[in-house]
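Please look at the aromatic side chains in the model shown here, and at the charged groups placed over their rings. The report below describes both in turn.

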Amino acid sequence: MTGKLDFISQELASLREQGLYVEIRVVDSPQGAWITVDGRKVLNLCSNDYLGFANHDVLKRRAQKAIETLGVGPAAVRTIAGTLSLHRELEIKMARFKGVEAALSFQSGFCANLAALGALAGPEDAIFSDELNHASIIDGARLSRAKVVRYAHGDPDDLRRKLRQESAARRRLVVTDGVFSMDGDIAPLPQICEAAAEVEALVMVDDAHGEGVLGRAGRGIVDHFGLHGKVDLEVGTFSKAFGVVGGIVAGSRPVVDYVQQKGRPFLFSSAVPTADVAACIAAVEILEKSGDRVDRLWANTRRFKEGMRSLGFDLGKSETPIIPVIIGDARLCGAFSRKLFEEGIFAVPIGYPAVPRDKARIRVMISASHSDQDLDFALEVFGRLGRELAVLL
Ligand SMILES: Cc1ncc(COP(=O)(O)O)c(C=O)c1O
């Protein structure tokens, strides 16, 4: 007799069989260049802590102080029980940092995307979404009930064609990741804005991997391309370069106000706690004073990429500190990652459905907290294992 949960065990077995079952390792130390994973000290090449803020003394002190003065929790949804001044302070500082009129904070970047897309588009509208956009954009677009039109990755000409085909839509909204999280390439935002402007479509960019990384002192992709005033809404996260947790939308005051009135994750879910908000404020203040950490991040990125390319690795289209080391076969990729771990390097394999089936990869994330010696150690191990596993010929 078949049981009602058989489909679960079958699917789990099939994932294991294909090398796609995700194993989660346990971290038992603060974030940093070296962390303790499953009881072992390893070089951390997979966190999104681009600037080394996740265990930064100033951020920790500010978080502790916020708990002492304001307690730990917001106690309800902001629209119902009032909002803490701390959340407003973060929003004002982020708006200034990004050079826009207003910003609104969320529980996560995922929530910010759901809120923004759900608010800006409805069943009579069309959302134009890059085919490699993040899952939170895909889900936000689905929840909005708008018609979703996928355009070819990073292709403004395909976007332009598709925008024209949907002239009957009440509103057209183009949405793209700023930096693509699996390949590390940057969206051609100037050309996307041009295509959108031709039909007066709205433009929204998810800058999760651009904030703290691109632009002056990490002001993000809009600053990187000098597109101030051309993008209607920027979405971001505090969980990556800012080292904490939370999301943000930023843009003109009416657009942000609109998302505040209509965004369901804002209206129906409580805000990020005080400690996290205070730590985010500290991170923005540090970046406003100095871009040194961002410069270090890019110097590290160049050093590692040059080393890997001269070893002969395929790094795909990466233009940022997200560096896919393309292995191809998911099982070989899993074996490579396990060997790396045995040699003291934590870098996880990524396979289907996050990336195409034949493009399994080890995704290396570079941080400002890595030293030259750390990177040289990683290069030596990658080179040796690459030859041993015949990834390098
Ligand atoms: C492009 C992109 N958008 C949004 C998110 C979600 O951010 P958060 O972790 O703050 O929910 C991520 C995180 O993986 C991301 O890579």
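This is a predicted model: local features need pLDDT of at least 70, side-chain atom pairs count only at pLDDT 80 or more; totals for chains, interfaces and linings use all residues.

Residues are numbered from 1 along each chain as its sequence is written, and side-chain values use heavy atoms, with hydrogens and water left out.

Rings of Phe, Tyr and Trp (its six-membered ring) are paired if their centres lie within 6.5 Å, and planes under 30 degrees apart count as stacked, over 60 as edge-to-face and the rest as tilted.

| Pair | Centre to centre | Angle between planes | Class |
|---|---|---|---|
| F304 and F382 | 6.2 Å | 75° | edge-to-face |
| F336 and F382 | 5.7 Å | 35° | tilted |

F304 belongs to helix α13 (residues 292-311) and F382 to helix α15 (residues 372-388), so their pair ties together parts that are 78 residues apart in sequence; helices here are DSSP runs of H or I with at least four residues, numbered from the N terminus. F336 lies in helix α14 (residues 330-342), so its pair with F382 in helix α15 ties together parts 46 residues apart in sequence.

Both F304 and F382 are buried, a term that means under 20% relative accessible area with a 1.4 Å probe, protein chains only. F336 counts as buried at 0% relative accessibility, and F382 has a relative accessible area of 0%. One aromatic cluster is formed by F304, F313, F336 and F382.

A charge sits over a ring if NZ of Lys or CZ of Arg is within 6 Å of the ring centre and within 35 degrees of the ring normal. R16 lies over the face of Y21, at 4.0 Å from the ring centre, and R25 lies over the face of F341, at 3.7 Å from the ring centre.

Terms used. Helices (H or I, at least four residues) and strands (E, at least two) are DSSP runs, numbered from the N terminus. Buried means under 20% relative accessible area, exposed over 50%, partly exposed in between (1.4 Å probe, protein chains only).
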